Amino acid sequence: MRTTEEMMRLIIGTAKDDTRVRAVMMNGSRVNPNAPNDRFQDYDIVYFVTDLSSFTQNHRWVDRFGERVIMQMPDAFDLYETDVAPDDRFAYLMQFTDGNRIDLTLRHVTDAQAVLASDSLREVLLDKDGLFPDDLPPSNDRDYHIQKPSEERFLACCNEFFWVSTYVAKGLWRQELSFAKAAMEGPVRKMLILLLEWSAAKEHQFAVSVGKDGKWLQHFLNKDIWETFVATYPDGSYTHMWNALEEMFTLFRKVGREVAEDLGYTYPLAEDERVVQYVAQVRASAHKTEEH
């Protein structure tokens, strides 16, 4: 596996050799002093260029970065209905056979200030034309700190969690695995993680980041809460999914009431109890078809 020094020389050297590239910036975990370091950290790189189309007319220019396992060009995709090809950027996501990965985004030089202002996790690696000030403050994760929720947002999180939980119950009763999984691992899981993020952040005055999708939550939650959270991840068994949903209810109520009390909000206990009772009734009527 190429070392960090080798990769940085390649990334910066490529930019130095190409007159179209006027500046280089690195974002992401490699410039986050609070992020754990490991071999899977990406090199999140932005090349600020004078002529974006001259790069995208022939994508073979990225071959110089090394032998690839796979490459994705998301800005060339028409995979999802929401995909719209941007005209001001183009990204090459490259996984190399030696284990390194570069996520390289091309941006026009006129976007330099906007990109700088949009992310506190950034380090300028090369600046041929003085696009960026010399006295930039050190990179930090300030923009990724979990924000204290308003009571309205807290209640909306609770409502979404319990509302979509009824979809999970319906899918499990019907034995529609993919539907039930989509609801459980989509909106329900998202709201549970959001609540856990608030719980973790309030202990640090909302000046902390737990990473994308709560990937560092284990380091912020007490052992009992974490173990209960782990128990909410089921396999494809309907019985196990019912059990996991009940664990989600238990965890959400415990953490939700603590967050509400600490923030001076009112936890929607009546709504919670009605949904939990409703789901229990649905499960009871489905017991003959559960897997044992």
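Two strands count as paired if DSSP finds at least two bridges between them. Keep that in mind as you open this predicted model.

**Stop 1: the strands**

Select residues 68–72, strand β3, together with residues 89–96, strand β4: the two pair in the antiparallel sense over 4 bridges. Within this pairing, look for Gln72, which stands opposite Leu93 in β4.

Then move to the hairpin of β4 and β5, where 4 residues lie between the strands and Gly99 takes a positive phi near 100°.

**Stop 2: two helices**

Next, select helix α4 (residues 151–174) and helix α7 (residues 238–263), whose axes come within 11 Å and cross at roughly 170°. Angles over 145 degrees count as roughly antiparallel, so that is how α4 and α7 run relative to each other. Colour the contact residues: among them are Phe154, Phe161 and Trp173 of α4, and Trp242, Phe249 and Phe252 of α7. By class, this contact has 18 nonpolar, 2 polar and no charged residues.

**Stop 3: the largest pocket**

Finally, which residues lie nearest the centre of the largest pocket? Select Gly28, Asp44, Asp119, Tyr144 and Lys212 to find them. The pocket holds about 1000 Å³ of space, and its lining comprises 34 residues. Elements giving two or more residues to that lining include β4 and β5, along with β2 (43–49) and α5 (177–202). By class, the lining has 12 nonpolar, 10 polar and 12 charged residues.

Conventions. Residues are numbered from 1 along each chain as its sequence is written. This is a predicted model: local features need pLDDT of at least 70, side-chain atom pairs count only at pLDDT 80 or more; totals for chains, interfaces and linings use all residues. Side-chain values use heavy atoms; hydrogens and water are left out. Axes are lines fitted to C-alpha atoms, for helices over the stretch in contact, and angles run from 0 to 180 degrees between N-to-C directions. Angles under 35 degrees count as roughly parallel, over 145 as roughly antiparallel, 65 to 115 as roughly perpendicular and the rest as oblique. Contact means heavy atoms within 4.5 Å. Ala, Val, Leu, Ile, Met, Phe, Trp, Tyr, Cys and Pro count as nonpolar, Asp, Glu, Lys and Arg as charged, and the others, Gly among them, as polar. On a 1 Å grid over the protein atoms alone, a cavity is a set of points where a 1.4 Å probe fits but cannot get out, and a pocket is an open set with protein on both sides within 12 Å along at least five of seven lines; lining residues have an atom within 4 Å of a point. Grid points are joined across faces, edges and corners, and a volume is the space filled by probe spheres set on the points.
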